[in-house]
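This report looks at nonpolar cores and aromatic rings in one protein model. Please read it with the sequence and the structure at hand.

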Amino acid sequence: MLNVLAPLLSYARLHPTGGLPMQGDLEPRAAAGAAVASHGALSCRYFTTWRSTLRPKLLWAYALIFLFTTSLAAQSQQTGSIVGTVSDGDQGALPGVQIELFSEALIRNRTAVSNGKGNYAAALLPPGQYELSFTMTGFKTVKHMVVVGIGRTVRVDAELVPDTVHEALSVVSTKTGALEADGLAVNFDTETVNKLPILNRRLSGVLSNAPAVTRGGAGGRHTITGAVGRDNQFLLNGANISDPAWGGDLAPYIEDAIQETQVLVSGTSVRYGGFTGGVVNGITKSGSNRFAGTLRIELENDDWNARNPFLSGEQTNDVQKAYQATLGGPIIKDRLWFFVATKVLPTSDRTGVLATGDTYAGSLTNDQYEGKLSWAMTPMHTVSVDYNLHDTKESGWAFLRPASPDIIANREDSRDMLAINYAGVLNDRWSLEVSATDFETVSHYGGDPNGGYVITDEIADGGVVIDNNMFFGNWASPSVRGKETLGVDVNYFHDGGFGTHDLHFGLQYVNSVTGGLNRQTPTGGLIKLGRYGGTRSHILWESDGTTYYDMYSGEVQVLLEKYLPDVHGENQITSFYVEDQWTPNQHWRVLAGLRYDRFRSNAYISDNVSAQDLSPRVSVTYDWKGNHDLKIIGAVAKYVGRMHDDVANAGNPVGNQPMTEYRYIGPDLLHVTRDAFNDPQSAAYQTLFDPDNLQFIGDGDPATRAVDPNMKPPYALEYTITAKKALGSRGHIETSFLVKDYKRNIDTLIGGQGQVVTEGVLGGSSTVDRTYWTNVPLKRTYQGLILAGAFSGLNWDVGGNLSYTRVRGNYESEAWYSPNTGTIYGDYVGSYDPAYALPEGRLPGDVPLRARIFGSYRFEWRQYGSLVLGGLARYESGAVYSYTAPIVLEGRDVDGDGVDDTRAYLGTAPGAYFQWAYFFDGERGNQRFPSNYDLDLGMTYNLPMRRFDAWVKLDVISVLNQKRVSGWSTRVNSYGTFHNADGNLVVNEPVLTLNDQYRKPSSLGHYGSIRSYRLSAGFRFDL
């Protein structure tokens, strides 16, 4: 990276002022005075010399940077811009006006000069509050105050009047950049977040307060504008920190270090790619010319909180502590800043919940560190280096609720991230950004600390199978996820005869890396009780704490892992884009961009995917009066998603530990202790794994998985119309109508690759169908009507959003309370009427009404400090679900020829006595859980002490303590019969009956929010 920037560094040393002849091309007006004309002539000569001597060097620098991008990765907007026009009292353009920008966010103050048409542009500005000073000989100086946010282009026009006017015309105003966004985007700065009762201050927690956001993805992940939960993009300091497989926020960072979070909902620039939903973009603090820092302690205790009705065990009465500290300041004033932060969670007790509702104990230790350097080589050229490290150790860990405390695992998790960013204003027209990042997480689960037990999958009360270590590797084969990214953005500002053009040209590269074999046991064997439809095999917990198992012949599944060398998969996206923001006059603005993405993967054993696509995006803005008070925006966009790593790796052992399946057909093993299964010399162990007692069923992943080499990433088409209205200089309100159509969705087919012959570990062979990942013609659409805004007074702030949404179709992917991916489309197509499996209707994320209203009020008590009251009101219509159940198809010889017609027709492996598919009663999503509403409150008392500010804060989450059921078990029963008609297997319509567990809560999340408390205290200082 430093080698690439060497020519630029050399240029900076030769020209410490930045060498920015922004007046060189101007034709100063005579009215501006001789001083201005002289200055312009000098700049013109200087520019000629600079262009002839350094231009070749800069061209070589550009070439090297672009070559460098092919070896590393995604660019995010970490800065903002200010543009505007300077005029005189007669509305005539004023060229040659000196514009100075002052801000604590700037290491060194910036300058700009208006051009021949009175226009100016200041790019690559770190987020913060800015003071702009407009100065010209013969005119009164005018000042403006403006706040610049991430990705915001704020317009500040200035009108200068001659010195002969006796009125004091030094103007100080506060403006917001919300109206300048070409789509729907909201920014949350750290001050706003700290005032509110937000317990989760990470990017994902702040996201929950943005418009058009619901929970409908796997694991409760957020969905933005109706996309599946994994199709959002998370960025931090230019680094792509999204989980390669499931989306979400994986990065190591400290909440108190976050400066600002931006959520891009619609009308998103082509500078962002690899998503179909939305983008969450954050930056961390960078220090300043003064030493400043914070210290925070957070206290929580389960015993303070209300009790969730699902819990039957005791709540832990233990105060859990978390410490955070930040410090920033100058190493060399106006040149080099530093910022460091740490978060420490001392070893604390944790409470887990078993499938029975009982609790068990665990512990957690977490240490996090961040260090950041920001260097201003010149006022126009800055480099920042940011490093984050995160280490976690946890006992009493379980991915899903365990059936017994005997199988609780341990976890160690290490995450680190390096981000290097360069931002340079090359002259009055050209600027350049380069961002290189490396992010990796390595997670160890289970393994030897788990005790070496074979059994990790058991039947709890009610016959529910509880998986503990599923989907994760053990100590010997850790789960590895990471991304290497680099992005280059070249910005050209042109002021031609038909208005101004703000052009961006960019190149991005993302290399997503995943590794680990998903080994599920340290012993290589996994036993599932009752797997083949039996109900007798089960686990017993005796009063003395001993665990026993009853395993009946024919009911137990035995899976033996194939240990292969660790492998890693890499999935790459190379992208190019061009975007032009054309402003022909004060009323119109057109933003047009085109993005090209190329996807490649080397993650497959037998199938490789290479795809490419184009993403055009256009928006047109009409400024009603030309004064930035009322704007109407229409936009059309295409967003191309990415090949998620769990799909890309489906055809190889990455994340899919190869296992061979057997059915235990030996003698019944009753009342056998767990220790016996951990002793290879015991009679029970030798009987269970005797080859004569195991019936071979087939080989598992990856032999039965494949990927369509012609598969392409999903995409979404978006159509929006937005109206934005300024509320004076202190607020705004906007409304959007948004339509999205999700295309080229990815799911699985059964048998799509034909049949393959595999060999078992203990001998035998079988013919099985392959799971075939491909694009499927399933539907998913979104419609949303969104109202959002913010307004502030002297001592108060209020903001929020209201969303009315509809999500329709039959593509659910990863939803709650409904079939998961790979279970709907194409499974057993000929066995029954597909209408039972593919009806259209409401999809998860369909929320008729969702509201977030938040605000704060400050009571000032002079020397006695101040009290800030913060509130967050939440309302959300209940999630949808469907009546779903397995249709059990018993193996049967229909025509008496000795062949199982069901198995032969469906192509299933021998020994699979039952097959099933999902049945829907009526339309999809025709049931809905009760709505949720509650209120969160925060109270912060601040006591100023010269340069120190001590504070204490109490957050009360879910003040109303809604213990009512907001979700429940959706289990129903469904049984179908079948017959052979003219050689075709026909399934008669199943009969739907409600299970005896239906509508009974079965987890913590099935209840409304439970009242909880958090106490925090600390101090801030600014020296």
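Phe188 is buried, its relative accessible area being 8%; buried means under 20% relative accessible area, exposed over 50%, and partly exposed in between, with a 1.4 Å probe and protein chains only. The model is predicted, so local features need pLDDT of at least 70 and side-chain atom pairs count only at pLDDT 80 or more, while totals for chains, interfaces and linings use all residues. Residues are numbered from 1 along each chain as its sequence is written, and side-chain values use heavy atoms, leaving out hydrogens and water.

Phe188 and Ile241 have the most contacts inside the largest nonpolar core, which has 36 residues. A nonpolar core is a set of buried Ala, Val, Leu, Ile, Met, Phe, Trp, Tyr and Cys residues joined through side-chain atoms within 4.5 Å. The elements giving two or more residues to this core include β10 (185-189), α4 (203-207) and β41 (731-743). The largest share, three residues, comes from α4. Helices (H or I, at least four residues) and strands (E, at least two) are DSSP runs, numbered from the N terminus.

Leaving aside neighbours within four places in sequence, Ile241 is in contact (heavy atoms within 4.5 Å) with residues including Leu203, Phe234, Tyr253, Met417 and Phe439. Apart from this core lies another, of 23 residues, among them Leu101, Leu106, Ala122 and Tyr130.

The structure holds 20 aromatic pairs. Rings of Phe, Tyr and Trp (its six-membered ring) pair if their centres lie within 6.5 Å; planes under 30 degrees apart count as stacked, over 60 as edge-to-face and the rest as tilted. Two of the pairs are listed here.

| Pair | Type | Centre to centre | Between the planes |
|---|---|---|---|
| Tyr120 and Phe134 | edge-to-face | 5.8 Å | 70° |
| Phe188 and Phe854 | tilted | 6.2 Å | 50° |

Tyr120 lies in strand β4 (residues 119-125) and Phe134 in strand β5 (residues 128-135), so their pair ties together parts that are 14 residues apart in sequence. Both Tyr120 and Phe134 are buried. The pair of Phe188, in strand β10, and Phe854, in strand β47 (residues 850-860), links distant parts of the chain, 666 residues apart. Phe854 counts as buried at 13% relative accessibility.

Trp588, Tyr622 and Trp624 form one aromatic cluster.

Lys638 lies over the face of Tyr715, at 4.5 Å from the ring centre, and Arg999 lies over the face of Trp968, at 4.7 Å. A charge sits over a ring if NZ of Lys or CZ of Arg is within 6 Å of the ring centre and within 35 degrees of the ring normal.
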